[in-house]
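Please write a short report on how this chain packs together.

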Amino acid sequence: MGKNLYIVKIMTVERTSYHHGDLQAALVEGGLTVLERGGLAALSLRAVARAAGVSHAAPYHHFADRTALLAAIATRGFDLLHGEITARAAGSSADHLQIAAVTYVGFAVENPELFRLMFSGTVSPHE
């Protein structure tokens, strides 16, 4: 088994203005930024709008409330984690479990607030 340690860090960029065609994705990315900087307590629809560079009313076109936004952010977290595990476990099958475990732990260490949200039970990305 390999002794490689993989640590995943989500990189987000704060926008100063909104110029993207996918507002919902921009809001989720803004949510990741807010979550990383201030934790779950700082995450609000208004803070996410500010991070995405849109009006404070814009998030309500895509999310009914904060819980719906949290579910979308948690879903994005699961997608990122799955993508990292899949990408790294592409080698020999003997190392897949170890690689998946190391990637999982690295993701949790590097993204503690997102990981907490994903596994808190507060929201279900399947709803």
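Which residues does Ile73 touch, not counting residues up to four places away in sequence? This is a predicted model. In it, Ile73 touches Val28, Gly31, Leu32, Leu35, Leu43, Leu114 and Leu117.

**The core**

Ile73 and Leu43 have the most contacts inside the largest nonpolar core, which has 31 residues. Helix 3 gives the most, with eight residues.

**Helix 2**

Helix 2 is mostly covered, with six of its eight residues buried. The buried residues are Leu45, Ala47, Val48, Ala49, Ala51 and Ala52. Their cover includes helix 1 and helix 3. Just after helix 2 comes Gly53, which takes a positive phi of about 75 degrees.

**Helix 3 against helix 4**

Helix 3 and helix 4 pack at an angle of about 145 degrees. Their axes are 9 Å apart. The crossing of helix 3 past helix 4 is right-handed. From helix 3, the residues in contact are Gly77, Leu80, Leu81, Glu84, Ile85 and Arg88. They meet Ile99, Ala100, Thr103, Tyr104 and Phe107 in helix 4. By class, this contact has seven nonpolar, two polar and two charged residues.

**The aromatic cluster**

Tyr104 also belongs to an aromatic cluster, together with Phe78, Phe115 and Phe119. The count of aromatic pairs comes to four.

| Pair | Geometry | Centre to centre | Angle between planes |
|---|---|---|---|
| Tyr104 and Phe115 | edge-to-face | 5.4 Å | 80 degrees |
| Tyr104 and Phe119 | edge-to-face | 6.0 Å | 65 degrees |

What does each pair tie together? Tyr104 lies in helix 4 and Phe115 in helix 5, so their pair ties together parts that are 11 residues apart in sequence. Phe119 lies in the segment after helix 5, so its pair with Tyr104 ties together parts that are 15 residues apart in sequence.

Is Phe115 buried or exposed? Phe115 counts as buried, because its relative accessibility is 18% and the cut-off for buried is under 20%. Tyr104 is partly exposed, with a relative accessible area of 34%. Phe119 is partly exposed too, at 41%.

Conventions
Residues numbered from 1 in each chain as written. Predicted model: local features only at pLDDT ≥ 70, side-chain atom pairs only at ≥ 80, totals over all residues. Heavy atoms only, no water. Core = buried A, V, L, I, M, F, W, Y, C linked by side-chain atoms within 4.5 Å. Buried < 20%, exposed > 50% of the residue type's maximum accessible area, 1.4 Å probe, protein only. Helix = DSSP H or I, 4+ residues; strand = E, 2+ residues; numbered from the N terminus. Contact = heavy atoms within 4.5 Å. Axes fitted to C-alpha atoms, helices over the stretch in contact; angles between N-to-C directions. Left-handed = near helix turned anticlockwise from the far one by under 90°. Nonpolar A, V, L, I, M, F, W, Y, C, P; charged D, E, K, R; others polar. Phe/Tyr/Trp six-rings, centres within 6.5 Å; stacked < 30°, edge-to-face > 60°.
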